[in-house]
Amino acid sequence: MKKTSWGLALLTLFACNQKDPSQVQFNGTIENPEGKTIVVNSSSQSDTLTLDENGNFQGTLSLSKATYATLKHGKENTKMFLIPGKDLQIKLNTQEFDESLTYEGENADINNYLAKLFLLNETITPDIRKLFSMEEAAFISKIDSIYEVKLRLFNELKNQNLKLDPNFTKYETARLLYDWAKNYSWYPGYYAYLSGNREYQPSEQFNSYRKKINLNNAEILEVEEYQNFINEHIGSLAEKIMKADESYEKNMTGYTKAKFVAIEKNITDKEVISYLTYAATKDYVGRNGANADKEIIAQFKKQCTNQQWITKVDKKLAKWAKLAKGQPAFDFDAEDIEGNKVALSDLKGKYVYVDVWATWCGPCRGELPYLEKLEKEFHGKNVTFVSISVDDNKEAWKKMVTKKQMKGIQLHAAKAWKSSICKDYMINGIPRFMLFDMEGKIINVNAPRPSGNIKEVLNKLENI
């Protein structure tokens, strides 16, 4: 009996000390902490760890695969690479966040490299306006030299014979490449705008960067830089399709349908097609979910092979269903410039056209002249114009409203992006225009802008 019990005890002890291969023990010390938590975000999850009174923290991160992650503390953040089963420790001082950041542990070499690369990038990358104002030859020389410096640092890591995680080597190669290619893809548009040379066309030498680009590489779909590049490329192609074919609606519906055509014509890999249709649909539903075009949703579900992505879109659509035409509006209130509260429910008996905006938002300000003209044209009619600012700086809002003598009902949402109007109406981008009927029901929570066809929409309303 004793022999058996001793054997069981050893087995139990051994089992308790076995390391879970899917977990990362992540701990460290932060000097001069700003707050009591750090957050680790990856593409699939978010983990919050709590600091003790000495700035120490420890936690267990469960991962299904090796992945990039972002560590956030206070106003600072940095990129990491986490590998299941490989523990990691950090030390940093918030007063010199990037300069003091160091890693120890089984996965330290990769992350110390990433910390060095982050610092290097800050020192060798010029101001964006300066970079894209360069003449083509100077731009090519500059951007290629930056890429070469980064590659040298990466090669130093690879040459240390550390048996690097093969996924990291593959992903990091792609990350550097598509970050470099991104600048090439942006240059023509930025240069034409900044230089005023609207006739600029890239040379053959410039376009040679495309030979290094693969739009159909499903193996690197994990890489954010690759995702961003192919998404922007498809968006650019969609814009060209819309310009060549006037039958496309000049709105998110038309743009998304043009994206699907661009995907069909240029992408052959099924996984990449699946991702791009998901990305296009997610963006579309995020902005236009209450009035989502059934054809777009059907096409997405036909092309997307990832059930998790389909489920995410379905859940988002279910939330938007509460904001569909005819649904009762979620009431909200905000203060006018004198501090008086005005609620949407106070305005029943008239149609209500709402502009959610902010003083710092360029597109919002661009709509103001059109909104002023619209208000004048409908003065005395059965519609109320309400503008609600989501400025964090209330004084900046007051100053602008007073200086420009802005008309209509001018309100300020006290909690800005965390206000009930942003939460209830799923507002994550501005400007957002909404239209409500005389009974306080929704007509359209993604109504046309003043620069669009809202005039025609208002004129068709009964008893306007």
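What follows is a talk about confidence, sheets, salt bridges and cores.

Trainee: Before we start, what are the ground rules?
Mentor: This is a predicted model, in which local features need pLDDT of at least 70, side-chain atom pairs count only at pLDDT 80 or more, and totals for chains, interfaces and linings use all residues. Residues are numbered from 1 along each chain as its sequence is written, and side-chain values use heavy atoms, with hydrogens and water left out.

Trainee: What is the average pLDDT of the protein chain?
Mentor: The chain averages 92, and 96% of the residues score at least 70. The scale is the predictor's confidence in each residue, from 0 to 100. Where pLDDT is low, the predicted coordinates should not be read in detail.

Trainee: What is the strand order in the open sheet with mixed pairing?
Mentor: Its 4 strands run in the order β4-β1-β7-β8. Strands (E, at least two residues) and helices (H or I, at least four) are DSSP runs, numbered from the N terminus.

Trainee: Why do β4 and β8 stand at the edges?
Mentor: Each has a single partner strand, so one side of β4 (56-62) and one side of β8 (102-105) is left without a neighbour in the sheet. Neighbouring strands here are turned by 20 degrees against each other on average, direction ignored. Axes are lines fitted to C-alpha atoms, for helices over the stretch in contact, and angles run from 0 to 180 degrees between N-to-C directions. Helix α3 (residues 108-124) packs on this sheet and touches β7 (88-93) and β8, its direction making about 175 degrees with that of β8.

Trainee: How do you know that β1 and β4 pair?
Mentor: Two strands pair if DSSP finds at least two bridges between them. Strand β1 (residues 23-31) and β4 have 7 bridges, in the antiparallel sense, so they meet that definition.

Trainee: Which strands form the antiparallel open sheet?
Mentor: They are 4 strands in the order β3-β2-β5-β6. The edge strands β3 (46-50) and β6 (76-82) each pair on one side only. Strand β5 (residues 67-73) and β6 pair over 7 bridges, and Thr70 stands opposite Lys79 in β6.

Trainee: What makes Arg175 and Glu172 a salt bridge?
Mentor: The term asks for a side-chain nitrogen of Lys or Arg within 4 Å of a carboxyl oxygen of Asp or Glu. The closest N and O atoms of Arg175 and Glu172 are 2.8 Å apart, so the pair qualifies. The two are 3 residues apart in helix α6 (residues 166-195), which separates them by about one helical turn.

Trainee: Are these two buried or exposed, Arg175 and Glu172?
Mentor: Buried means under 20% relative accessible area, exposed over 50%, and partly exposed in between (1.4 Å probe, protein chains only). Arg175 has 10%, so it is buried. Glu172, at 0%, counts as buried.

Trainee: What ties Lys257 to Glu295?
Mentor: A salt bridge does, at 3.5 Å from N to O. Lys257 lies in helix α9 (residues 252-266) and Glu295 in helix α11 (residues 294-303), so the pair ties together parts 38 residues apart in sequence. Lys257 is partly exposed at 21%, whereas Glu295 is exposed at 51%.

Trainee: How many salt bridges does the structure hold?
Mentor: It holds 14. Among the residues involved, Lys150, Asp179 and Lys182 are linked in a network.

Trainee: Which residues touch the most other members of the largest nonpolar core?
Mentor: Phe139 and Tyr425 do, out of 108 residues. A nonpolar core is a set of buried Ala, Val, Leu, Ile, Met, Phe, Trp, Tyr and Cys residues joined through side-chain atoms within 4.5 Å. Helix α6 gives the most to this core, with 11 residues. Apart from this core lies another, of 22 residues, including Phe57 and Ile90.

Terms used. Contact means heavy atoms within 4.5 Å.
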